[in-house]
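Hi everyone, thanks for coming. Let's walk through one structure together, a few pieces at a time. Please have a look at it first.

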Amino acid sequence: MDDLLNRTRAAVWHPCTQMKQLEAAPPLAIARGEGPWLIDPDGNRYLDAISSWWVNLFGHCNPRINAAITDQLGKIEHVMLAGATHAPVVELSERLARLTGLGHAFYGSDGSSATEIALKMSAHFWLNAGQSQKNGFISLKNGYHGETIGALSVTDMSLFKSTYSPLLRHTVQVPVPDARLAEPGESAEAFALRCAAALEAHLAGHAAETAAFILEPLVQGATGMAMYHPAYLTRARELCTRYGVHLIADEIAVGFGRTGTMFACEQAGVRPDFICLSKGITGGYLPLSAVLTTDIVYAAFYGDATTRGFLHSHSYTGNPLACRAALAVLDIFEDDRVIAANRLKSIEFTAILSEVAAHPRVCHFRHLGMIWAFDVADATPGFSTRFHQTALANSVFMRPIGGTVYVMPPYVTHADEMRSLAKATLACLDHPDV
Ligand SMILES: Cc1ncc(COP(=O)(O)O)c(C=O)c1O
């Protein structure tokens, strides 16, 4: 195992990591997985409490997803999607269209590429519509949409953004309806509507040069699971329609049941102009993203002029293996009635976490669907690393974001596993060094 850790430090540049810190806190070597468990080369087991960066829905080594990919391997592993097509990508597009009400699916390889696609498609739509000045973007304060140059331009997290600011395009951030920021006595809904008024004020002055408003519906994940009232989404939809600005729902983290409905937008009864999907789409098996959009957007690109078309591509666009994994995921949702089952699980898990919620160090305990989060009032620098290490010592894999601890387990997690997780979380909170 030591050999593997030395070799990873020498040869692998790990994501989102100051590599020097791996000297003191080496990464966890994983040999295999089983349901919600990660297993190291010595056979030690760790509960994957954050679904491997929120991608894993139905556990590691899921027999049904394994079987779908294995079956596809015997047919065709990959064919380019320009000039060719295949059954898995067609079936997946049809099923996603039925689920989202958006009939045209364009594929990318990861969340950031989905953001890039949606931004480019929106601005190109306005160009094709004869409104080339509509090419600006707005997003929510503290939002996260990925880290490629375009996606980072609409992301608002200085830790990731400020170093690269000379490379980025100017975008505008509007107030975020994060319920924690409401005035004392102000309801989450009233605060959401107050923030929507600020959005309206911006749109009233700048709609003519704005292509789209991009947001993470209901939960801003990367900033630390900030949650907000669906009234904001409903109002944002109305305002975007009224001012002629596209609404892009980045459901990369919250899609596929995370917030309790298949897509978070459903809770506000809204249909965006674009929806970005990734992460859970393949159950955490293979990199795939999709951007779905309306007939109106699609029609604006359709014509005889080549450059009116959307000339964007990634080599692995619509990869058949990834599409088969995604189809297996949708089958599991249907066959096991996952959304309904999770509704019960969500209530049960919240009860299991009640002792955590009541812990004196915990504030702003919050929960939506299959996401739980809280802030640690007295967290000092290094808290996240110390919590992570202590959780590992208690057989749980967790990575707090700054002083925010969150739990986003695979949907196959059982109540007894959740009880161990609650126990481990309490052990971390009570640990004198954390
Ligand atoms: C809301 C949201 N959008 C976009 C992304 C970027 O996705 P990826 O890391 O696959 O590029 C993420 C990743 O965490 C995300 O949470």
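Let's start with Thr282, which is buried, because its relative accessible area is 0%; buried means under 20%, exposed over 50% and partly exposed in between, with a 1.4 Å probe and protein chains only. Before going on, a word on the source: this is a predicted model, where local features need pLDDT of at least 70, side-chain atom pairs count only at pLDDT 80 or more, and totals for chains, interfaces and linings use all residues. Residues are numbered from 1 along each chain as its sequence is written, and side-chain values use heavy atoms, with hydrogens and water left out.

So where does Thr282 sit? You will find Thr282 in the loop between strand E11 (274-277) and strand E12 (289-293). Helices (H or I, at least four residues) and strands (E, at least two) are DSSP runs, numbered from the N terminus. Leaving aside residues up to four places away in sequence, Thr282 touches Ile65, Leu288, Ala322, Ala325, Ala326 and Val329. Contact here means heavy atoms within 4.5 Å.

Five of the five residues of E10 (residues 246-250) are buried, so the strand is largely enclosed by the rest of the structure. On one side we have His246, Ile248 and Asp250, and on the other Leu247 and Ala249. What are the neighbours of E10? Strand E7 (residues 210-215) pairs with E10 in the parallel sense over four bridges, and Ile214 has Ile248 in E10 as its bridge partner. E10 also pairs with E11, again in the parallel sense, over three bridges; there, Ala249 has Ile275 in E11 as its bridge partner. Two strands pair if DSSP finds at least two bridges between them.

Now for some helices. Helix H4 (residues 87-100) and helix H11 (residues 320-335) have axes that come within 9 Å and cross at roughly 40°. Axes are lines fitted to C-alpha atoms, for helices over the stretch in contact, and angles run from 0 to 180 degrees between N-to-C directions. H4 and H11 are therefore oblique to each other: under 35 degrees counts as roughly parallel, over 145 as roughly antiparallel, 65 to 115 as roughly perpendicular, and the rest as oblique. By class, the contact of H4 with H11 has ten nonpolar, no polar and five charged residues. Ala, Val, Leu, Ile, Met, Phe, Trp, Tyr, Cys and Pro count as nonpolar, Asp, Glu, Lys and Arg as charged, and the others, Gly among them, as polar.

What about helix H8 (residues 188-206) and helix H9 (residues 230-243)? Their axes also come within 9 Å, crossing at roughly 15°. H8 and H9 are therefore roughly parallel to each other. The residues of this contact divide into 13 nonpolar, no polar and four charged.

After H14 comes Ser395, with a positive phi near 65°.

Finally, E3 and E15 belong to an open sheet of four strands, in the order E1-E2-E3-E15, with mixed pairing. Its edge strands are E1 (32-34) and E15 (396-397), each pairing on one side only.
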